[in-house]
Amino acid sequence: MKSKLFFLIVLLLSVFSLQAQILEPVKWNTQLKNEDNNNKEIIFHAKIENGWHLYGLNIPEGGPRSTRFVFEKIQGAILSGNIHALNEATTEYSPLFELKLSWYSKSADFSQKIEITDPKQFSISGYIEYQACNDLTCLPPTKYEFQLGNITEIEESNNTTNTDNEMRMNVFTPKVKNNHTDFWTPVINEMNNIGENSVGTQTSLWFIFISGFIGGLLALLTPCVWPMIPMTVSFFLKKSQNRKRSIIDALIYGLSIIIIYLILGLAVTAIFGASALNDLSTNAVFNILFFALLVLFAVSFFGAFDITLPSSWTTKLDNKAETTTGLISIFFMAFTLVLVSFSCTGPIIGTLLVQAASLGDTTGPAMGMFGFALALSIPFSLFAIFPSWMKQMPKSGGWLNSVKVVLGFLELALALKFLSVADLAYGWHILDREVFLVLWIVIFTFLGLYLLGKITFSHDSEIRHISVLRLFLALISFSFSLYMVPGLWGAPLKAISAFTPPLHTQDFSLFDGEVKAQFTDYDEGMDFAAKEKKPVLIDFSGYGCVNCRKMEASVWTAPQVRQLIENDYVLITLMVDDKSSLPEPIEITENGKKVTLKTYGDKWSYLQRYKFGANAQPYYVLLDNKGYPLAPSYSYNENVNKFVSFLETGLKNYKENKK
């Protein structure tokens, strides 16, 4: 049992450790082989990368995931017998699972015989569910969907191209019902051939990790967490007379905190999925509710009332920690800390998860939670190793409440960001850039006044004198407010461009350096570029995309970048979270399922997935007049010189292709 629990923990950690690119160590190929006129054999071939293995068909209960073949829809045929493997699997006893396990390395072949009853109506669709592992990590269970089409069409094609009497599967690909199918042709292979990479997405993940780490450090300084440090460390030191053992227990305690928050991040993605989370992050109802929730937490931080989870929850967990022993006891103690600190950590965690979800990457929430938990767990481990340090710790007191009030002001400012996202996505225009800036200027001015003691709340301790730290923090807050004032007349405010609405939402602006898209419709922009004989810069963006705003304010406004975009390219910006309704819904087939695209955001998000095989923003790609890539894509990277090189490379390749 312990070994299986250990495997689960390793599996969760391994999922987090995956890089932003999609790992596909197992690639499937399906063929339909003739035996006679009515009897056929479907061959499923798996090519497995070196170092990876694929589990067999019949793994005993309690082990890892078996490879499973599911035939969802069968027309014009019936299955003959069961699926079976054509090559022998490696079988060994696993001490981890205490079971005999079978797996395949390098390649595996599986066979399913069928009998054709109606060649004209023949159709089979389904999926393969499998799990791939190597010596260090396991990928989550993955599905590969397959579909075989009309047998007559396949045989006609087979007679002209194959001599070994084998017929390759007829794969159905989705198409958009419009007159521009050439522009929508997938170019995923072409992107890979010219050196496609995912550096920008990895950079975004590091940004989420750092944000989570900073959030964890802020959570440490709250009244819910700070007093727990000496209490918890003291408990470990008293529990065992052996200091070495106490240190090990404290380290396990810190690791338990990390695992709990990591499981939370993975659970959020597993329940909703990355695409659903990305869509949810710009949903009006969700953003308004989250705005209201953050305002509620801010009011609580100001001292109007306390938000706590039911005491019975923490009492039960505390009793579990007292009555159990070993690792389980330590884990329950860590879980108690998570619940007790919820009133202070909840707003930070919620904000972090929403921002991570906007990446559209499955590892985003886990990366953010890992950074948050790592910062939260470090003090417990360090003070256990060096208990004498606790004598130098500031004692709990009024300063902790001041930290909580400061966090309340910050939560109030962040709440406006979520309301702004909904406002932009649905085009309400109730929180345009100048309104947003006015509210932030007022909030941070009030924060400065609070730090100077000019504003107090009922539960604040009396301030007889202003400390040097409070004075400097007040100066920073006032300076930040003054920094935002020129933004009311259109200054770019690059330092906060990730949070403020775009410049184009401002009614009055003296700034003329903004780069504006020539088109917000892909097909119209491509038609125009073909007539003008200019290359195209596709900008897949989003109203809720923080990094998109940073790129537009920090990189696009650079003179050399702006000149290249405006003079040499046709810029098409496509908002993947635009909630404006399409004139008519578009029906497409994606991954074997019929999907209806109802909004422009749905359409542009589908275009990015279907044509380029990507779903994260910002995502920039350069195209020729036939819709083919001129250079590898570019994601979030604020290096102006690199973006200039990206544009110049595309321009150079475009001119060479015209010769």
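Modeller: A residue is called buried when its relative accessible area is under 20%, exposed when it is over 50%, and partly exposed in between, using a 1.4 Å probe and protein chains only. Helices (H or I, at least four residues) and strands (E, at least two) are DSSP runs, numbered from the N terminus. This is a predicted model, in which local features need pLDDT of at least 70 and side-chain atom pairs count only at pLDDT 80 or more, while totals for chains, interfaces and linings use all residues. Residues are numbered from 1 along each chain as its sequence is written, and side-chain values use heavy atoms, leaving out hydrogens and water.

Another buried residue is K611, with a relative accessible area of 0%; K611 belongs to helix 19, residues 600-612. Although K611 and N189 are 422 residues apart in sequence, their C-alpha atoms are 9.9 Å apart in space.

Helix packing comes next. Two packed helices are described by the angle between their axes and the distance between the axes. Axes are lines fitted to C-alpha atoms, for helices over the stretch in contact, and angles run from 0 to 180 degrees between N-to-C directions. Helix 14 (residues 433-451) packs against helix 15 (residues 468-484) at about 160°, with the axes 8 Å apart. Helix 14 is therefore roughly antiparallel to helix 15, a term for angles over 145 degrees. Residues in contact, meaning heavy atoms within 4.5 Å, include W440 and F444 of helix 14 and L473 and F478 of helix 15.

Strands can also have a covered side. In a regular strand the side chains alternate between the two faces of the sheet. In strand 1 (residues 26-34), V26, W28, T30, L32 and N34 form the covered face, whereas K27, N29, Q31 and K33 form the uncovered one. Two strands pair if DSSP finds at least two bridges between them. Nine bridges join strand 1 to strand 2 (residues 39-48) in the antiparallel sense, and T30 has F44 as its bridge partner in strand 2.

Finally, an open sheet of three strands has the order 4-9-11, with antiparallel pairing. Strand 4 (68-75) and strand 11 (142-148) are its edge strands, each pairing on one side only. Strand 4 is joined to strand 9 (residues 123-130) by seven bridges, and K73 has S125 as its bridge partner in strand 9.

Conventions: Parallel < 35°, antiparallel > 145°, perpendicular 65-115°, else oblique.
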